[in-house]
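I set out to record what I looked up in this structure, entry by entry.

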Amino acid sequence: MKKTFIGIAIGVFIIVGASFKFYNSISVNTAANKNLKSQALEKAEIESLLALPIEPEKASEVKDNEEYRFYTFMLNRPNLLLLVNRNHQLEKDYAPRNLVKAEVSFLSSSSNEEMLMQKNAADALKEMFDAADKQGLRLFGVSAYRSFASQQSLYNEKLKSRGKSYVDSYVAFPGESEHQTGLAIDIRGTVSAYNANIKDFGQTKEGTWIRNNAQNFGFIIRYPKGKEIITGYRYEPWHIRYVGQDVAEKIKESNIVLEEYVNQVIN
Ligand SMILES: [Zn+2]
């Protein structure tokens, strides 16, 4: 009897702890989450909504609660619109829960971690690379998921080797990298060394095909030419971000970037 009680107590503790951790992991500083934060629901209230069964007579009351609807919306759908940039940071311990190895060719310099993506993004990437392959275009993954810690070492290394103005244009500060979402990947059309010709990728056959077709597979060119002032990054034809097909098509058609799209959705 005593053991059962301890078991239940530990169970409740784990559930509450896990939901608290998850709440923290999604409560990044996106515009959408600012919306959540600015509303009155306290963390403790969210925990109790998630961790405890809702009494039947109170269920309709809770479901009518706007914050609860927003929260369950965030919880129940993949965070495909997660906005991360120089103004919208991820927390240090944010890590997507559904990372898998993307089953495409990677450069030999890619680490195991860099081959990971969220499952839906990994599947879409494979589909896209296979479609390119049918056109005789060979694509390679370079770097997909990067944890906060990996981004930190990359940042420090690039700062040392390439200098401040390079990192300001191309390398994200830890927590400000979209690679931490597991939804973005840098790709190449050649197996040559990491830095060789990356800037020319947009002019290659592979780069052109990606620019014209990525949206059909749910990807966008995240840092296009002419939008530097909004994205905070120079044109990066090699950095693609998974947002799902519907959104990718809308973004491409309207010639906007993710920041502008998220802004439209929220307002
Ligand atoms: Zn990138």
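**Helix H7 and its end.** I began at Gly163, which takes a positive phi of about 95° just after H7. Helix H7 covers residues 148–162, and its 15 residues reach 20 Å from the first C-alpha to the last, close to the 21 Å expected at 1.5 Å a residue. I took the expected span as 1.5 Å times one less than the number of residues. Helices (H or I, at least four residues) and strands (E, at least two) are DSSP runs numbered from the N terminus.

**Basis.** I noted that the model is predicted: local features need pLDDT of at least 70 and side-chain atom pairs count only at pLDDT 80 or more, while totals for chains, interfaces and linings use all residues. Residue numbers start from 1 along each chain as its sequence is written.

I then turned to Asn255, whose phi is positive, about 55°, although Asn255 is not a glycine. I located Asn255 in the loop between helix H11 (245–254) and helix H12 (258–266). Is Asn255 buried or exposed? I found it exposed, with 10 other C-beta atoms within 10 Å. For this I used C-beta atoms placed from the backbone: a residue is buried if 20 or more others lie within 10 Å of its own, exposed if 12 or fewer, and partly exposed in between.

**The sheet.** I traced an open sheet of four strands in the order E3-E4-E6-E5, with antiparallel pairing. Strand E3 (140–143) and strand E5 (219–223) stand at the edges with a single partner strand each, so one side of each lacks a neighbour in the sheet. From one strand to the next the twist averages 45°; the axes are lines fitted to C-alpha atoms, and angles run from 0 to 180 degrees between N-to-C directions. Two strands pair if DSSP finds at least two bridges between them. I recorded four bridges, in the antiparallel sense, between E5 and strand E6 (residues 236–242). Phe219 stands opposite Tyr242 in E6.

I placed Trp238 in strand E6 and counted it as buried, with 23 C-beta neighbours inside 10 Å. Its C-alpha atom is separated by 10.0 Å from that of Glu206, 32 residues apart along the chain. Which residues of helix H9 (residues 205–213) are buried? I listed Glu206, Gly207 and Ile210. Seen down the axis of H9, these fall within an arc of 100°, so they line one face of the helix; the arc is that of the directions from the helix axis to the C-beta atoms. Among the elements covering them I noted helix H6 (119–134) and E6, with contact meaning C-beta atoms, placed from the backbone, within 7 Å.

Definitions and conventions: Two residues are in contact if their C-beta atoms, placed from the backbone, lie within 7 Å.
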